[in-house]
Amino acid sequence: VQIYDWIWKNYLGEIDQVPHTYAVKQNMNEYMLTITESTFGGVEILAKQDGGIMDYGNLIYVTLQRAKTAREAIQTIDYLANTYGYASDGESFSISDGNEVWYMEL
């Protein structure tokens with residue numbers, strides 16, 4: 001899967017495709033998993049890993065395509081950011097499904 005910068009649309013790299021993805025409409029998928037974000041900036045030295053290709057927007061939408069629950073979304077975001085590198089400033093993610101709500105900061 002080709003990944004482009006969420007804002008400027010510059011090509012950042014590629015990630016592995018999974019066998020099945022879920023339908024996404026705005027910030028919710030077909031299982032009613034919802035992910036929103038707020039930017040807080042953060043400490044400059046911790047922002048944008050060298051070579052990182054997963055910015056906040058791509059983390060949200062790729063995760064919505066791959067996860068059914070909020071817990072699974074936390075694991076998916078963690079996997080994507082650690083495997084492919086993080087390419088944004090500080091972000092907080094609100095992640096919810098029909099049973100749970102989680103808050104995650106990167």
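Helix H1 (residues 56-66) is mostly covered, with nine of its 11 residues buried. The model is predicted.

**Helix H1 and its cover**

- The buried residues of H1 are Tyr 56, Gly 57, Asn 58, Leu 59, Ile 60, Val 62, Thr 63, Leu 64 and Arg 66.

**How H1 packs on H2**

- H1 and H2 pack at an angle of about 125°. Their axes are 9 Å apart.
- The crossing of H1 past H2 is right-handed.
- On the H1 side, the contact is made by Leu 59, Val 62, Thr 63 and Arg 66.
- On the H2 side, the contact is made by Glu 72, Ala 73, Thr 76, Ile 77, Leu 80 and Ala 81.
- By class, the contact of H1 with H2 has six nonpolar residues, two polar and two charged.
- An α-helix has 3.6 residues a turn, so residues three or four places apart point the same way.

- Thr 76 is found in helix H2, which spans residues 70-84.
- Is Thr 76 buried or exposed? Thr 76 is buried, because its relative accessible area is 14% and buried means under 20%.
- Leaving aside neighbours within four places in sequence, Thr 76 is in contact with Thr 63, Arg 66 and Ala 67. Thr 63 and Arg 66 are among the buried residues of H1.

**The largest nonpolar core**

- The largest nonpolar core has 21 residues.
- Which of them touch the most other members? They are Ile 15, Met 54, Phe 93 and Ile 95.
- H1, H2 and S6 each supply at least two residues of this core.
- Ile 95 has contacts beyond its neighbours within four places in sequence. They include Leu 33, Thr 34 and Ile 35.
- Ile 95 is also in contact with Ala 70, Ala 73, Ile 74 and Ile 77. Ala 73 and Ile 77 also take part in the contact of H2 with H1.
- Further contacts of Ile 95 are Glu 100, Val 101, Trp 102 and Met 104.

**Gln 17, a loop residue**

- Gln 17 is found in the loop between strand S2 (11-14) and S3.
- Gln 17 is exposed, because its relative accessible area is 53% and exposed means over 50%.
- Leaving aside neighbours within four places in sequence, Gln 17 is in contact with Val 1 and Arg 66.
- Gln 17 and Val 1 are 16 residues apart along the chain. Their C-alpha atoms are separated by 5.7 Å.
- Arg 66 is also in contact with Thr 76.

**Positive phi in two loops**

- Lys 9 has a phi near 65°, a positive value in a residue other than glycine.
- Lys 9 lies in the loop between S1 and S2. Lys 9 counts as exposed, at 53% relative accessibility.
- Gln 26 has a phi near 55°, again positive in a residue other than glycine.
- Gln 26 lies in the loop between S3 and S4. Gln 26 is exposed, with a relative accessible area of 63%.

Technical notes: Residues numbered from 1 in each chain as written. Predicted model: local features only at pLDDT ≥ 70, side-chain atom pairs only at ≥ 80, totals over all residues. Heavy atoms only, no water. Helix = DSSP H or I, 4+ residues; strand = E, 2+ residues; numbered from the N terminus. Buried < 20%, exposed > 50% of the residue type's maximum accessible area, 1.4 Å probe, protein only. Contact = heavy atoms within 4.5 Å. Core = buried A, V, L, I, M, F, W, Y, C linked by side-chain atoms within 4.5 Å. Axes fitted to C-alpha atoms, helices over the stretch in contact; angles between N-to-C directions. Left-handed = near helix turned anticlockwise from the far one by under 90°. Nonpolar A, V, L, I, M, F, W, Y, C, P; charged D, E, K, R; others polar.
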